[in-house]
Amino acid sequence: MAMSRSENMSRIRGRDTKPELVVRKMLRRLGFKGYRLHRKELPGKPDIVFIGRKKVIFVHGCFWHAHTCEVGARKPVTNQAYWVPKIQRNKDRDVAHLEQLQDEGWAVLTVWECEIKDEVALMKRLAMFLDETISEFVEC
Ligand SMILES: [Zn+2]
């Protein structure tokens, strides 16, 4: 039976760990609802947008956005002349989008793929980002 690459990947990992879906699940567990997805009118088309709170969340893949982690430091195996500048452009664009959003009064949180693994720490960051009254975080 044919399997798509993503199905195959999620089977290898044992569950669906697509980072954006994981973050959205965490938000629901924390009780943060009413967010919009991929708003085209905002710089960088943020993955998750809380319009009322004026906050956006980007969920970035470490490789494609050149995170300062092990995965982000990896170099493409093939066709480096193409991929290295492309990834650098992604990174430059991310910085520009962040600045534009902040200039427009948006608070921005970037969640990296590699941060998904530490569920408690990430849920704490999400809660504290979205609700400034939260200083203590107890997982329920
Ligand atoms: Zn990373």
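**Close-up views of the zinc site and the sheet**

**View 1. The site of the zinc ion is tetrahedral, with angles of 100 to 119° among its four donor atoms.** The model shown here and in the other views is predicted. The donor atoms are SG of Cys62, ND1 of His67, SG of Cys69 and SG of Cys114, which coordinate the zinc ion at 2.0 to 2.4 Å. For four tetrahedral donors the ideal angle at a metal is 109.5 degrees.

**View 2. The donor residues of the zinc ion follow the spacing C-x4-H-x1-C-x44-C in sequence.** Cysteine 62 has a relative accessible area of 2% and is buried. Cysteine 69, at 18%, is also buried, because the cut-off for buried is under 20% relative accessible area.

**View 3. An open sheet of four strands runs in the order E1-E2-E3-E4, with mixed pairing.** Strand E1 (36-37) and strand E4 (107-112) are at the edges; each has a single partner strand, so one side of each lacks a neighbour in the sheet.

**View 4. Strand E1 pairs with strand E2 (residues 48-50) in the antiparallel sense.** Two bridges join E1 and E2. Valine 49 in E2 lies opposite arginine 36.

**View 5. Helix H5 (residues 119-130) packs on the sheet.** The helix touches E2, strand E3 (55-60) and E4. The direction of H5 makes about 170° with that of E4.

Definitions and conventions. Residues numbered from 1 in each chain as written. Predicted model: local features only at pLDDT ≥ 70, side-chain atom pairs only at ≥ 80, totals over all residues. Heavy atoms only, no water. Donors = N, O, S within 2.8 Å, 3.2 Å for Na, K, Ca; no water. Tetrahedral: all angles 85-135°; square planar, octahedral: opposite > 155°, others 65-115°. Buried < 20%, exposed > 50% of the residue type's maximum accessible area, 1.4 Å probe, protein only. Pairing = 2+ DSSP bridges. Contact = heavy atoms within 4.5 Å. Axes fitted to C-alpha atoms, helices over the stretch in contact; angles between N-to-C directions.
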